[in-house]
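Here's a quick tour for anyone meeting this structure for the first time. Have a look at it, then read on.

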Amino acid sequence: MSVVTYHLKDAIGVITIDNPPVNAMSHAVRSGLVDALDTAAEDDSQALLIICKGRTFIAGADISEFGKPPKSPTLRDMLDMLDSHPKLTVAAIHGTALGGGFETALCCNYRCALDTAKVGLPEVKLGLLPGAGGTQRTPRLAGAADAITLITQGNPMPAEQALTSGLIDQVVQGDLLAGAVDYVHRLIAEDAPRRRARDLPFSLSDEDREAIASARKSLAKKTRGEHAPQRILDCIEAAATLDFNSGLARERELFDACMTDPQSAAMRHMFFAERQAAKIQGMDPSVAPRDIGSVGIIGAGTMGGGIAMCFAQAGIPVTLLDMNSDAVTAGLDRIRKNYAISVKRGRFSEEQVNAIMANIEGSSDYADLAETDLVIEAVFENLAVKQDVFRSLDSVCKADAILASNTSYQSIDDIAAVTSRPQSVLGTHFFSPANVMKLLEVVRGAQTDDEIIATAMAVGKKIGKVPVLAGMCYGFIGNRMLRSYGREAQLCLIEGATPAQIDGAMERWGMAMGPIAVGDLAGLDIGYKAREQLTPEQKGKPASYIVADRLVEMGRLGQKSGAGYYQYDPETRARIEDPSVIELAAQCAAELGIKQRSITDEEIVDRLTLALANEGARILEEGIAQRASDIDVVYCFGYGFPRHRGGPMWTIEARGLDNAVQRMKALGNSLDADNWQVAPLLQQLAESGESLKDWQ
Ligand code: 3H9
């Protein structure tokens, strides 16, 4: 069946696109549209209406065709025909009109949309820019300020706002086809002109120029070296200074620069990786997730409170339980304070917060969880304490309740073993702050049922997280890899790099925060206490923790005590370099017989990123992660790894596995050989020339 059909309805030529799941503008859709436009040019139709079936208007160019040789007709060929079509053209939008889909709508003379629809140009999230006229038509219709926001941030705009901004012309309610046909008839009756966005004037005021300059600065900082946002601003400037066709040519030139940029390849990889992570290998497709109608959370601390916020915001009632009413009250107060900040920042209205808070009830009585569908434990990171909680849960919760632990390190099997239902026990590892961070590691225990895993993955998505399935090992995927990364950061420090140099090198490379500063933010006592529970073999060699231990022993716990590796400005919390810490590292080096030297930024980045990927390869080989791209999702969504570098496994693949293995061997020769044992999988793939991406 054709993905594009054409029929006449009351003298209107209706072009219907039906290309599930999201009506992406594939080659078949482009060809179908060209045929329909040809037919409509010759028939008796008075006007043309473009509308889609299914859940959304066109969601953009078909990303899976990117990187392959272009097939005619291209999107631009088709849009040229639409833009110069002899009939009045109207787009009828529902769901989300995105990227090339919205650019198609922008080529129509008028646009109407359901009140629930959104429009947007999200190309920047793929390291691209709208390459089919979006950067030239949007500012002509909406002005510079809205164009800058819409295209550089890539977030969709609701229909009402798009109406005010001039990007759409009519909001329709109820049945879209009926409302759109009425609207087209009205336009015909009014003899509405064939208005084209290309003919509208556009220039930059002084205020617009300032807005562009300030966006350049803030985006450089916020996007940590992404190229696409700056190129988008170049295009908007071109829209004001060049005639329309020259502006389009400039847009095309910069789009091509983005398309061949490794940053876009990495971000497109992340787009598919995120969606792939939701799929569970080898699971019987008939296994359906259960409905979760209520959630209990044990532990009203910062973590438990953050988790409660996630569920409450998704409309799922939460019982937040702690040992006594004081702890519960303190937990609820903390949540209220968080929301007060959100209201101040305009993220939520007072009414929304009241509705969310109505979903959270405090309790200090386990019996209140008797009928709860899912209980998540978020108490102190200690096995015995967690086992006590699970014993209590097992005795009060209904037989089919799911029991989850938010542990970062403990064995899910040891926790499940104290219950009578190990098949219903799993790990749901949230990341701090839990109401903000998108990553959710769903940890499968030895006996966890598939249905329980499927339910946790589905409810994770429902509360806006990106769930990734992990197998059981110390630290699961993310924290296990973090140990090698942290070890190399510590070794660079003791070998002669300063905290500011290490953090600066990693942040310039794109990490949201350098590893030393992250330690200060998390609190150095956390790692100290965790090390106390490890065997000497697990702890590793003293060089990798001696400075951290000394700082804790000096009472320097990080930001919370005003100093750790850095001093902190009490007002702004800005990091201030501390010569005494550089001196401490030198002393520790002398004690351990390590000769300090000058270390380049390149060496720091190499050591830290290779250490991550090497451990990642072991995790993959052991089956702890389902696929290499899942590890990339963990790092980009949970650890501030830059999306435009595609995650640690993509990064190592992009540099060439053979090159990476050679570099690790060279590091092993000059540094600690034990730390640079190449993961067998990497060695094997480097030799065979196969890809990590395809390894299962
Ligand atoms: C562009 O347009 C460039 C032009 O400016 C210029 C060209 C010259 N292509 O997200 P979901 C798949 S760049 C191919 O789970 P939701 C997706 O992989 C494009 N496939 O659903 C998934 O497949 P699977 C600009 C696509 O309801 C399935 O559809 N546009 C595309 O949560 C369902 O997706 C964008 O960047 C695509 N464009 O969200 C929009 N989009 O089932 C990207 C989706 O095999 N898309 N798929 O895993 C989205 O933001 C979301 O998919 C959307 C639906 C909001 C539409």
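What you're looking at is a predicted model, where local features need pLDDT of at least 70, side-chain atom pairs count only at pLDDT 80 or more, and totals for chains, interfaces and linings use all residues. Residues are numbered from 1 along each chain as its sequence is written.

The mean pLDDT (the predictor's confidence in each residue, from 0 to 100) comes out at 96 for the protein, with 100% of residues at 70 or more. For the complex, the predictor gives an ipTM of 0.98 and a pTM of 0.94.

## Overall form

The C-alpha trace spans about 85 × 60 × 55 Å along its principal axes.

The protein has 29 helices and 19 strands, counted as DSSP runs (H or I, at least four residues, for helices; E, at least two, for strands).

## Domains

The domain assignment, automatic or from a database, gives domain 1 (4–259), domain 2 (295–475) and domain 3 (479–623 + 626–695). The centres of domain 1 and domain 2, taken over C-alpha atoms, are 42 Å apart.

An unreviewed UniProt entry annotates residues 295–470 as "domain: 3-hydroxyacyl-CoA dehydrogenase NAD binding"; such annotations may be inferred rather than shown by experiment. Over residues 295–470, the chain is 41% helix and 20% strand, and its end C-alpha atoms are 22 Å apart.
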